[in-house]
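Please open the structure in your viewer and keep the selection tool at hand. The tour moves from the whole chain to single pairs of side chains.

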Amino acid sequence: MSDLWDDFTSKLKNAYEEAEKKRKADFATIKNLPGVLAYLKDLEGEELLLLLDQARKIKKRKNPKFPEINGDFYKTFDLLNNEEKAIIGNVRNFMQSEIAPIVDEYWMKGEFPHHIIETFKALNICGLTYDKSIGGQERSFLLEGMIGQEIARVDVSTCTFFGVHSGLAMNSIYMCGSEEQKKQFLPSMIKMDKIGAFALTEPEVGSAASMGLKTTCKRSGDHWTIRGEKKWIGNATFADYIIVWAKDVDDNQVKGFIVDRTTAGLETEKIEDKMALRIVQNAIIRLKDIKVPEDRRLQNANTFKDTAKVLKATRAGVAWQAVGCARGAYESTLKYTMDRRQFGRPISGFQMTQDLLAQMLSQLTAMQTMVARLSQLQDENQLLDEQASLAKVFCTVGCRTITSMSRELMGANGILISNKVARFLGDAEALYSYEGTKQINSLVVGRAITGQSAFT
């Protein structure tokens, strides 16, 4: 009871003090009124109008009416039909209601919120572009890309989890598996009853994966023995299926395998202390002479060129993720500048602030229009490796630039996780590196435009 009384008296005191401040301010205004009137009486008509106009401008600057925050300045969203727009709306609602309230907590802890998988299933957005015969929906790559943007706009880690599962793992089976394998594995993965991972990168092999894989496989009868180590494998600590890539010791070609995480001899170790994508459960995988049956070998993955088909599609997906990350940073920063007040008015009204915001938006808009065209090329079955690589380079570099400007505009507050931008800034570093570094993708583009390979 005493606590309630203390709270009541404290509120009553605060109300009295506010009323007293207002009374004094009103009295000061009335006291100065004769002087103000004397000044106004000597003004000419035009001078009086100019004074009143300046007063209105000052009032607007102090309490402006803000437009709606929208990072889609050139309206790429309008490229979708109404049904596709409704799907994006569902994804946006999910991200705002299920992910946004918990993302900072899980990002700080470096843990994955496994409970979201059940609610994720209801979105029904895995395998959108696949044939209906295996549970797909035969929808557009443009829709798929915009879904990636929408997820990354709130959290890049969630988008990476989704991209590893629905992009890298599922696409490996869809593009490189036999018809039997597609029918056996993809329906449950489309429903997210089974989760996938993709194991290509190794502790000492990243960019040199095409020729330098140290993980080996050897066939003996109806089984293969796989030996080696993988690193940075997203979802690996809990995925049901891991797509493992290894070099065949007999023909020196890269092969792919669908491996159960519970396979004897397969061990996973979570990578700790990351500065980016902290929610993603990256792991080191140790393959100690594991046995995998021949019917789990991807039947249409016979060289690294087949692996590259998967990477081409997912590089396009990473470009969309970078757009989403940049958009989330831009929109969060724009909102911050409207709320943050200095010198009696929002900082969004300052010239230097608006210049940076315009730079951010121009970069973001260029990225959006590039990936929208990229997805259209995918839908027309015309996408080339170098086009996917160029988008990956341009968008991840742009994402770095935008998130850096976001942090700059927020000043010291930009390093707080609660203001979102610090998380976007860190995650942008991971996007910049995975699915092929800037340098490797630049060489892919360079080879296409010069006709000369600079790879060593």
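What follows is a series of selections, each with a short account of what is there.

This is a predicted model, in which local features need pLDDT of at least 70 and side-chain atom pairs count only at pLDDT 80 or more, while totals for chains, interfaces and linings use all residues. Residues are numbered from 1 along each chain as its sequence is written, and side-chain values use heavy atoms, with hydrogens and water left out.

**The whole chain**

Begin with the protein chain in a cartoon view, where the secondary structure comes to 14 helices and 9 strands; helices (H or I, at least four residues) and strands (E, at least two) are DSSP runs, numbered from the N terminus. Of the 456 residues, 47% are buried, where buried means under 20% relative accessible area, exposed over 50%, and partly exposed in between (1.4 Å probe, protein chains only).

**A hairpin**

Select residues 241-248, strand E4, together with strand E5, and you will see the two paired in the antiparallel sense over 7 bridges; strands count as paired if DSSP finds at least two bridges between them. Val244 stands opposite Phe257 in E5, and the hairpin has 5 residues between its strands, with Asn252 in the turn showing a positive phi of about 65 degrees. Strand E5, residues 254-260, is mostly covered, since 6 of its 7 residues are buried.

**Salt bridges across the chain**

The structure holds 30 salt bridges, each a side-chain nitrogen of Lys or Arg within 4 Å of a carboxyl oxygen of Asp or Glu.

Select Asp104 and Arg423 next, whose side chains meet in a salt bridge at 3.2 Å, N to O. The pair links distant parts of the chain, with Asp104 in helix H4 (residues 103-109) and Arg423 in helix H13 (residues 421-433), 319 residues apart. Are these two residues buried or exposed? Asp104 counts as partly exposed at 22% relative accessibility, whereas Arg423 is buried, at 2%.

Go on to Lys121 and Asp193, where the N to O distance of the salt bridge is 3.0 Å. Here Lys121 lies in helix H5 (residues 116-121) and Asp193 in the loop between helix H8 and strand E1, 72 residues apart. Lys121 is partly exposed at 25% relative accessibility, and Asp193 is partly exposed at 43%.
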